[in-house]
Number of protein chains: 4
Amino acid sequence: MPTFAHPDFASERFAAAPDARFVPAPADGVLPEHFFSTTNLPTYVKVDGEWRMPREPRMDAALVLAPDGELWMKEMRRVRAGEPVAIGYAEDGSEGIYVYASAFLGDVAGEGEFKFMSTEVSRERPIDYAHMARLLVEERERGGYPVWVAGPALVHSRARNDMTWFVEHGFVGALLAGNAVAVHDIEASIFGTTLGMNSQGGGTVGGHGLHVRAINRVRAVGSIAKAVEQGLVKDGIMHACVVHGVPFVLTGSIRDDGPLPEVIVDALAAQDAMKQHTVKATMAILVATALHAIATGNMLPAFVAEPVPGERFPAIRELPTICVDTSEFVVSKLKDRGTHQAFGVVTNAQDFMHILRLYVERELNARAAVGTAGQSAPAGA
Amino acid sequence: MPTFAHPDFASERFAAAPDARFVPAPADGVLPEHFFSTTNLPTYVKVDGEWRMPREPRMDAALVLAPDGELWMKEMRRVRAGEPVAIGYAEDGSEGIYVYASAFLGDVAGEGEFKFMSTEVSRERPIDYAHMARLLVEERERGGYPVWVAGPALVHSRARNDMTWFVEHGFVGALLAGNAVAVHDIEASIFGTTLGMNSQGGGTVGGHGLHVRAINRVRAVGSIAKAVEQGLVKDGIMHACVVHGVPFVLTGSIRDDGPLPEVIVDALAAQDAMKQHTVKATMAILVATALHAIATGNMLPAFVAEPVPGERFPAIRELPTICVDTSEFVVSKLKDRGTHQAFGVVTNAQDFMHILRLYVERELNARAAVGTAGQSAPAGA
Amino acid sequence: MPTFAHPDFASERFAAAPDARFVPAPADGVLPEHFFSTTNLPTYVKVDGEWRMPREPRMDAALVLAPDGELWMKEMRRVRAGEPVAIGYAEDGSEGIYVYASAFLGDVAGEGEFKFMSTEVSRERPIDYAHMARLLVEERERGGYPVWVAGPALVHSRARNDMTWFVEHGFVGALLAGNAVAVHDIEASIFGTTLGMNSQGGGTVGGHGLHVRAINRVRAVGSIAKAVEQGLVKDGIMHACVVHGVPFVLTGSIRDDGPLPEVIVDALAAQDAMKQHTVKATMAILVATALHAIATGNMLPAFVAEPVPGERFPAIRELPTICVDTSEFVVSKLKDRGTHQAFGVVTNAQDFMHILRLYVERELNARAAVGTAGQSAPAGA
Amino acid sequence: MPTFAHPDFASERFAAAPDARFVPAPADGVLPEHFFSTTNLPTYVKVDGEWRMPREPRMDAALVLAPDGELWMKEMRRVRAGEPVAIGYAEDGSEGIYVYASAFLGDVAGEGEFKFMSTEVSRERPIDYAHMARLLVEERERGGYPVWVAGPALVHSRARNDMTWFVEHGFVGALLAGNAVAVHDIEASIFGTTLGMNSQGGGTVGGHGLHVRAINRVRAVGSIAKAVEQGLVKDGIMHACVVHGVPFVLTGSIRDDGPLPEVIVDALAAQDAMKQHTVKATMAILVATALHAIATGNMLPAFVAEPVPGERFPAIRELPTICVDTSEFVVSKLKDRGTHQAFGVVTNAQDFMHILRLYVERELNARAAVGTAGQSAPAGA
């Protein structure tokens with residue numbers, strides 16, 4: 001990963017730039033014309049002659065100056081009438097706002113070089129599980145906050161066991177998912193099926209209604225947490241989250257049955273709940289979901305910023321973002337919506353989870369073998 | 001399409017069957033154990049010795065007996081404590097509930113015959129646009145209610161013109177979509193781009209923020225309808241819906257920017273709003289969206305029921321359901337969630353819309369030519 | 001797997017049937033009009049009042065009666081002028097030919113039952129690696145002949161190691177592939193790259209030409225076998241095949257560079273070479289190739305026939321056929337061309353190989369643990 | 001399309017460069033170590049102090065100096081022992097060979113600009129049929145040589161009529177395809193089916209054998225041309241090629257039934273036959289085939305070179321290359337094998353053909369309307 005250096009703000013280009021201009025929002029949830037539309041990249045804003053970085057970076061938001069002088073990136077709908085909103089289109093600093101777009105570009109191909117395999121996302125690329133496993137183990141060691149975003153395919157069969165293992169062993173900072181993930185997970189715990197299929201993929205008599213029966217039982221006891229406490233749900237991903245205190249956000253959608261009690265059915269409240277975790281994220285793993293992956297990508301900065309005592313700017317590193325799907329399309333779509341840092345893995349979610357776990361176990365064993373066993377204790381402990 | 005005949009309820013099998021059993025719901029939004037889980041197929045319930053069909057058929061719901069003796073299929077969350085809910089698992093009538101699963105099976109292949117091209121959904125199948133065009137024209141003639149469900153790909157470039165044409169010419173009973181469809185449509189009207197691309201697919205400077213600017217302007221005037229009235233939105237799909245009085249439901253999701261004012265952000269309220277149209281649907285066209293297609297499929301009966309004066313049972317015909325996507329997966333997924341009647345078209349949404357319109361125009365011309373010009377007047381007139 | 005019983009040829013239906021009719025082929029490589037077109041299913045032909053099974057069953061061939069009274073299924077191009085060819089269209093025995101199409105149908109869903117997950121091939125189905133591993137281990141124990149058919153994706157990175165392991169440990173009866181598989185495998189051995197990518201998927205300077213340089217070196221020494229002997233190729237799949245005496249067929253295509261010396265560039269000679277292995281196959285594993293999978297499917301019977309001493313008919317069981325691809329399309333296409341017995345696994349080839357090997361190792365360990373260690377010795381030993 | 005200018009060979013960089021070095025090939029079909037591996041981009045070689053362009057440019061070939069001083073790009077297998085072959089790895093001219101890799105780069109995005117929709121190949125991009133239609137019509141007007149490369153999906157149903165129309169109206173310089181395309185086309189002419197499906201996609205009794213019966217009849221008369229003459233084949237693509245004298249190359253593969261008489265079953269002879277057309281190509285349209293598209297891409301230069309009287313170098317323009325497939329994967333794969341100039345259209349082949357024809361007809365009508373009717377006469381006339 002290339003190391004990152006902040007721009008040299010002492011240089012002529014930045015020193016000569018004017019302050020950014022701010023205009024009051026005309027109404028609640030409405031931005032002034034010509035508002036600056038943010039990106040997920042490191043961004044610097046000149047206020048009172050000084051370049052500063054706004055908080056809670058994300059794309060497609062507004063730059064708002066708080067009364068205490070703090071700068072925020074805020075979603076349009078959360079901006080109140082009268083709040084000062086930055087305006088301008090220039091991203092090169094010439095109007096007081098600089099987007100450091102080339103911050104994380106690695107060694108780029110020479111000008112016009114003829115190359116094979118130039119497509120970024122392809123089932124033909126080798127998948128470097130060892131590297132991903134190392135990232136995850138390092139995150140756990142340094143107390144990072146890996147956010148997992150999962151679609152229903154993660155719950156089928158073996159993948160459910162593997163995801164449960166990651167929760168139990170301290171590799172999950174938070175789990176973001178929809179109603180269906182929790183439903184299938186709980187259907188598996190109660191009935192041993194997902195969408196009416198058994199774990200070999202065979203059908204079961206009356207299987208089509210089992211997910212609704214599972215939802216009904218949880219609604220009857222009042223919450224997933226209570227269903228775990230009362231022994232209705234005995235294993236699986238949600239069980240592990242409850243038992244190990246791993247926070248989860250379940251968001252509702254128009255295709256939900258039920259839904260389960262904890263599900264947040266208001267899409268905007270759901271975004272707010274998700275964002276409480278994305279602002280803390282130090283890594284993101286997006287598996288088998290276009291909707292949730294893009295939703296998370298929309299609110300996720302492309303970088304992690306960590307305060308450095310005595311320094312004006314935080315230390316910056318790219319936010320490792322892994323996106324897994326059976327089709328190239330979903331990963332490319334995520335990138336096309338601006339989450340350029342996403343690394344695509346084109347495979348079946350079940351297999352991804354199984355091999356990733358295998359490599360994490362190997363990494364842990366290798367570290368234990370060199371006498372650093374103390375570092376690999378489960379974070380959930 | 002095979003003709004449909006109701007079962008012969010005078011036969012021994014049905015005459016000897018017991019009445020269905022009903023048990024009160026234990027709490028608001030909770031069903032009794034062993035509740036009967038409905039399907040989208042023609043269903044008959046024996047009450048007081050008489051076989052009857054419940055109203056508002058859909059899958060994954062409960063059978064509820066209203067105080068006035070009417071039978072309904074109701075979503076779990078809408079059932080109130082104490083309401084009588086049918087119980088039982090048998091779908092063969094032996095416990096008073098009969099699901100006519102083979103109602104619409106056409107001529108099935110002979111037992112074990114060796115065949116090529118047995119996969120139902122494949123890009124290799126011919127697409128019968130002439131047949132689909134005829135269905136649409138006939139729907140318009142008989143005053144049917146075709147429900148269109150659209151994903152954002154429908155708005156890119158030419159497809160937007162074609163969808164607008166269908167709205168303007170009376171082929172759309174209602175439009176169900178998400179925030180993004182309306183956003184891209186309005187971005188195209190105001191800025192001439194979608195997701196920052198121009199209509200040739202090229203990028204534009206600052207293009208990444210244009211969809212947010214479009215949302216902002218509509219929020220500033222208060223609604224899409226007002227944006228049309230005030231001339232902010234001058235053309236396109238939403239414009240046509242407003243001008244021609246075609247109802248639309250825009251539902252929110254966690255990936256939405258904005259959202260636009262009319263968007264229903266509560267997922268359950270959104271389902272209720274969609275269902276107001278699906279219960280009236282006489283045809284369904286689902287284009288380029290997995291989420292909305294499956295959501296609609298969940299609440300859509302597999303059949304149209306039309307009352308016949310003097311008859312106890314309505315006339316039943318299969319509900320033509322067309323699902324268009326670039327990948328076989330989405331169509332298969334829709335079927336795997338129970339929408340077996342869906343006919344899959346594997347192609348690009350832009351091209352589908354263009355050719356479908358072409359064939360509809362040809363069908364209209366052919367009908368006009370044989371002296372039935374009066375029938376092909378635009379419904380919007 | 002359902003057990004198989006031959007039809008009861010003593011029954012009226014078969015006893016009353018006439019002998020099949022044969023007509024001489026009009027010219028070399030040309031069949032008589034109304035020739036019977038074969039399938040890959042168990043087929044019985046009545047000759048001289050006796051029902052018999054032809055040899056080398058495959059689809060799309062002709063039924064030819066040899067001078068010695070033996071029946072063969074022969075490709076059109078291999079039929080010589082004057083050879084007696086069966087005619088007729090009936091597959092139900094009424095004209096002396098019976099195709100047992102329902103031979104392997106398992107327990108079929110009840111008539112018209114409403115079901116979820118009815119699509120046969122889907123990334124949403126659980127993958128039963130334990131079952132596939134057991135099949136492979138049993139094949140090795142009983143001295144079976146598993147034919148592997150591989151596309152180039154199998155050679156990228158880790159998958160190459162895993163495929164090599166299967167060859168080395170006696171799980172491969174024969175390997176059928178194209179020039180590209182061998183080229184990439186040898187490029188990896190000589191240069192450490194595939195298509196110019198290193199094993200982490202990164203590019204290399206001048207990488208685009210490395211596969212051609214690899215080909216050139218093998219052409220210089222004269223053959224792959226010599227390249228192994230002389231130490232030019234030191235590891236990998238082709239190396240393992242040469243060292244362990246596992247036969248391979250490399251077939252040419254219009255997209256080949258080189259080709260490598262062993263490649264059979266005549267498509268018909270190549271089909272003949274492949275068929276020498278498919279007629280012996282007791283299992284087929286088709287990974288990451290549409291062309292080779294369908295080519296093999298075309299010539300592969302749907303069943304294994306093993307002679308039973310003292311019995312007129314062989315014992316028949318379904319030929320386990322596993323088809324792996326990232327997309328549902330390829331597997332469905334294979335089935336649509338008549339290889340209905342194929343079991344589809346929708347995943348990345350690299351991951352498939354890795355997990356399959358893992359499960360095979362577990363199966364071997366489990367068997368070793370129960371005291372049958374002798375059975376799990378490498379077949380190549 | 002950006003205009004092209006040859007490098008300034010008078011500049012210091014090129015003037016100071018040494019001549020390219022040539023080494024004799026050590027054996028027939030074997031290149032010397034360190035041979036220069038060609039690309040499909042404009043390439044200049046310094047011989048006797050003068051920069052020159054080799055003939056028959058293609059990727060993955062060798063640079064061979066003929067006795068008459070002419071430079072050729074030749075496939076390894078076609079190089080004879082003793083022929084002088086250029087060596088070296090540098091593509092920047094420093095060793096006497098210059099690959100003009102940035103020749104056709106259009107206006108590139110600014111350094112590190114944040115953009116949406118940066119993926120090149122996506123079903124979400126608008127398809128500019130008007131532009132493609134204009135290119136085709138201009139090719140016909142200037143007497144260009146558009147090479148069409150087609151897979152079997154092109155023959156299903158309506159696409160067959162549209163492809164036939166393009167052949168009949170002079171838009172096809174040559175057709176490159178496999179046995180299957182011709183087989184399905186002829187099956188459609190004789191039996192009205194493709195792969196046993198009728199034009200609505202329904203099955204037919206005994207349909208699985210019809211393609212073999214079609215092949216057999218053509219083999220009986222001896223050739224496709226004779227089948228057309230004798231009235232066995234009355235319409236369709238092959239019929240149009242024969243009647244209008246449009247050359248076709250049918251290449252064999254391991255999955256072929258038959259094959260048809262004209263099919264070239266030797267893969268190397270087939271490559272040579274294809275190359276006779278690719279060296280003349282002024283446009284390439286690759287529809288619904290991975291194998292044939294990549295095979296053609298391998299031998300296709302990225303540019304068209306047209307001699308200019310009195311000029312040392314030809315006029316160069318990019319070779320318009322359109323690749324159509326339902327999946328992003330095939331187009332990306334083509335690019336990953338070096339055919340970077342390919343423009344991807346992600347849609348169903350049937351729909352592509354239909355809309356392209358529609359736009360070509362509109363373009364012709366528009367040109368006729370402005371009084372240039374004479375230019376739009378069918379080239380076949």
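Predicted model: local features only at pLDDT ≥ 70, side-chain atom pairs only at ≥ 80, totals over all residues.
**Entry 1, relation of the copies.** I superposed chain B on chain D and found that a rotation of 180 degrees with 0.0 Å of shift along its axis does it, at an RMSD of 0.0 Å. That is the relation of a two-fold axis. I then looked for the C-alpha of chain B nearest this axis, and it belongs to Thr347(B), 2.6 Å away.

**Entry 2, the interface of chains B and D.** I counted 38 residues of chain B in contact with 38 residues of chain D. Since 100% of the interface residues of chain B are also interface residues in chain D, the copies meet through the same surface. The two chains bury about 3,400 Å² between them, with 58% of it on carbon and sulfur atoms. Of the area that chain B buries against chain D, Phe116(B), Pro126(B) and His208(B) supply 17%, more than any other three residues. I also looked for salt bridges across this interface, and the rule finds zero.

I turned to helix H2 (residues 129-141) and helix H11 (residues 349-369) of chain C, which pack at an angle of about 60 degrees with their axes 8 Å apart. H2(C) passes H11(C) in a right-handed crossing. Among the residues that meet there are Met132(C), Leu136(C) and Arg140(C) from H2(C), and Phe352(C), Ile355(C) and Glu363(C) from H11(C). Sorting this contact by class, I noted 12 nonpolar, no polar and seven charged residues.

How values were computed: Residues numbered from 1 in each chain as written. Chains lettered and ligands numbered in written order. Heavy atoms only, no water. Least-squares fit on C-alpha atoms with pLDDT ≥ 70 in both. Contact = heavy atoms within 4.5 Å. Axes fitted to C-alpha atoms, helices over the stretch in contact; angles between N-to-C directions. Helix = DSSP H or I, 4+ residues; strand = E, 2+ residues; numbered from the N terminus. Left-handed = near helix turned anticlockwise from the far one by under 90°. Nonpolar A, V, L, I, M, F, W, Y, C, P; charged D, E, K, R; others polar. Buried area = accessible area lost by both parts, 1.4 Å probe. Salt bridge = Lys/Arg side-chain N within 4 Å of Asp/Glu carboxyl O.
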